[in-house]
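Let us walk through two parts of this structure. We start with a pair of helices and then turn to a pocket.

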Amino acid sequence: MKEKIELILKTLPNNPGVYQHLDKNGKVIYVGKAKNLRKRVASYFQKEHDNARTKLLVRQIEDIKTIVVETEFDALLLENNLIKKYQPKYNVMLKDDKSYPWICIKKERFPRLIYTRNVIKDGSEYFGPYANPKIAKILLNLFKEIYTFRTCNYDLSEHKIKEGKYKVCLEYHLGNCLGPCEEYQSEEDYMKMVANARDVLKGNFKEANSYLTEKMHEFAEKLEFEKAQNIKEKIELLDKYQAKSTVVHPSISNVDVYSIISDESYAYVNFFNIVNGAIIRSHTTEIKKKLDETDAEILEEAIIELRERFPSMVREIYLPFEVDFEIPNVKITVPLIGDKKRIVELSERNAKYYRIEKLKQTKIVDPDRHTNRIMAQMKTDLRMPVEPRHIEGFDNSNIQGTNPVSACVVFKNGKPSKKDYRIFNVKTVEGPDDFATMEEVIYRRYKRLLEEEEELPQLIVIDGGKGQLGAALKSLDKLGLRGQISIIGIAKRLEEIFFPGDSIPLYLDKSSETLKILQHIRNESHRFGITRHRNRRSKNSFNSELEGIQGIGPQTIKELLKHYKSVKRIKESDKKELEEVVGVHRASLIWDYFNKG
C-alpha cells in the first residue's frame, strides 16, 4: 500500500460522511458514502476483491478526500450531488437525465394551464414531472373537455378589463371559454375550476366530481337540460380517466413505492406515486453497474435521485427489503402481507417488464452487449471462474441397447454452432449402460481435442443427474482435466443442476436466461442424438434384411439402396427391373427371396 494512503487511513474519523477516490491526475474516479468513514475506506485496501473493476479502481487510487456530515441521509444527498458534479468513472448513474414535461398553473389573474419542460421560479405551480409525456397531454385534453380555461396570453388585470381593453375571441363563440376578458365569467367561478383541476393533478377526483355534479343540478333546476347533459358528459369523461388509473386500495394513500430488479450488469428501479388509492405516476429507470454494488446500495442511490427528479411530499415509502438509511419525517415500511405487499410486488413486475423490453431492444440493436450480459450472468449463476463462451453438451441415445450413439453439441456465445456437432458410435459398451457410455464418449472427445491441440470448452453440460456426471468426471480425471473445465449435469424432471462434489442440486428460476440456455443445449443434444440414432437404426435394419439373402453381398446392397432408396421399393419392384440394376442371377435370388411364399 502507498505511504500516502496508509497515512490517510490512520487519520480518518469514525463518523458518517462521503469519501472521494482520486487518481494520479487528481481526478475524482469514485464517490461513496459511509456510516463509518474509517472502516469503509479502509475496507478497500484490507481485503481481496472478487470484482475485477473494484481491483482496478483500488490500483488507481492515489489520494482520498472525505467530508464529514451529521447523518447518513445527509451523506446520501451529498454523495448524489458529488456524483452529478464529477460523474466519476466507477459510480453508477441513472441513465436518463433528460427534462420531463410538467403541467403548469401560471401565476396570473385567471390562470392558464400549460404544458412545459422548463420550470421557471416565477411563483407558478408545477405538477409532475411526467415520465410519459402522453399522460400530461391526456390530462390537458381532459381539462379542455370538462372546463373552460382561457388559452389567450392577455394580461387580464382588473383595471384593463374595466377599461374594455379586450374583446371575446373565437374560443368564446365556440363555447371553449366563458369570456373573463369581458367579465362574462367571474374570477371566483374561474378559480373554482382551477382548484378542481389542481385536485385532479394531485390525484384527488372527489372535489372535481362534486363541483361538476353541483353544476349539473343547477342547470337541471333551471330547466337548462342541454347544459345539464353537457355537464353529465364531462363527469363521465372524468370518471373514465379516473378508471384508467390503477386503483390499488382506498386505504393506501400518499405513498411512494420503490422496487429493484437486477442482473450482472444492470439494475432496474421502479417508482410508484400513490394518491387516494390510485397510482398517479410510474417510472422505471435503468442503472449500469460499475463495481460489485448490492441491490440495497443501488436502491438507496436511486431513491435519493428519483425523489429529487420527481418531487414528493409523502410521509411513507414502501420498499421490498430493509435499507440502511433514514429519510427525515418519512416512514420506511417493508410490507409482508396484504394490499401493501401486493403493491410492492406490482412495482417489481413493472421493473421486470421494463427489463424484458430493454433486453429485447438490446438484442436487436446491440447483440454484442446482449451476449456479454448473458455470458456474465451464466458465469455467476453456475459459479464459474470464467464466462462460458464455448459450451459442449452430451446426450446418449439407444433403444433396448441397440445401435447406441452419443451426441455432442457445441454452443458458441450462447448459440448453436452446428458445424461443430459430433456423433459418437459407442464402441466399448455392451447393452444399455448409460454411465459407461458417458464415460467412454467424454474420454474419446477430450483425448482427441488434447492430441490435436484444439480449443477446450469452458463448460460441459451432461444430460442427466449425479450418476452421469460422476461417469463423465472419471474420464476428465484420467485426462488430467479436472478443474480445467467446468462440468454440470442437468436432470430432466425438476431441472436440477448438479455440480461435482455437491449432493445438493441448484434450482434456477424458470424464467432465468441461464436455465433457458442450458435447456436449449440439453434439448438440442437430445434432438441431434435421436435423429442420428434413428438414421443408424434404420440403415442397419435395411442392411440386415438384405444381408439375409444368400448370395447378395455388400456392394450389391449398396447398388440396390442407391437405386431404390428403400427396401420396400425393392420388394415391390418387378423381376425385369431388378435384372437391369443387378443382373439376371442376382435379380433372381432377390425376387425369389421376397416372393417365395
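A crossing is left-handed if the near helix is turned anticlockwise from the far one by less than a right angle, and right-handed if clockwise. By that rule, H19 crosses H20 in the right-handed sense. The model is predicted; local features need pLDDT of at least 70, side-chain atom pairs count only at pLDDT 80 or more, and totals for chains, interfaces and linings use all residues. Numbering runs from 1 along each chain as its sequence is written, and side-chain values use heavy atoms, without hydrogens and water.

Helix H19 covers residues 575-582 and helix H20 residues 584-595. Helices are DSSP runs of H or I with at least four residues, strands are E runs of at least two, and both are numbered from the N terminus. The axes of H19 and H20 lie 7 Å apart, at an angle of about 135°. H19 is therefore oblique to H20. Axes are lines fitted to C-alpha atoms, for helices over the stretch in contact, and angles run from 0 to 180 degrees between N-to-C directions. Under 35 degrees counts as roughly parallel, over 145 as roughly antiparallel, 65 to 115 as roughly perpendicular, and the rest as oblique.

Which residues of H19 meet H20? They are Lys575, Leu578, Glu579 and Val582. Their partners in H20 include Ile590 and Trp591.

Now the second largest pocket. Arg355, Leu359, Ser511, Ser512 and Glu513 lie nearest its centre, among 27 lining residues. Strand E8 (255-262) and helices H12 (338-365), H13 (367-381) and H16 (513-547) each give two or more residues to this lining. H12 gives the most, with 8.

Terms used
On a 1 Å grid over the protein atoms alone, a cavity is a set of points where a 1.4 Å probe fits but cannot get out, and a pocket is an open set with protein on both sides within 12 Å along at least five of seven lines; lining residues have an atom within 4 Å of a point. Contact means heavy atoms within 4.5 Å.
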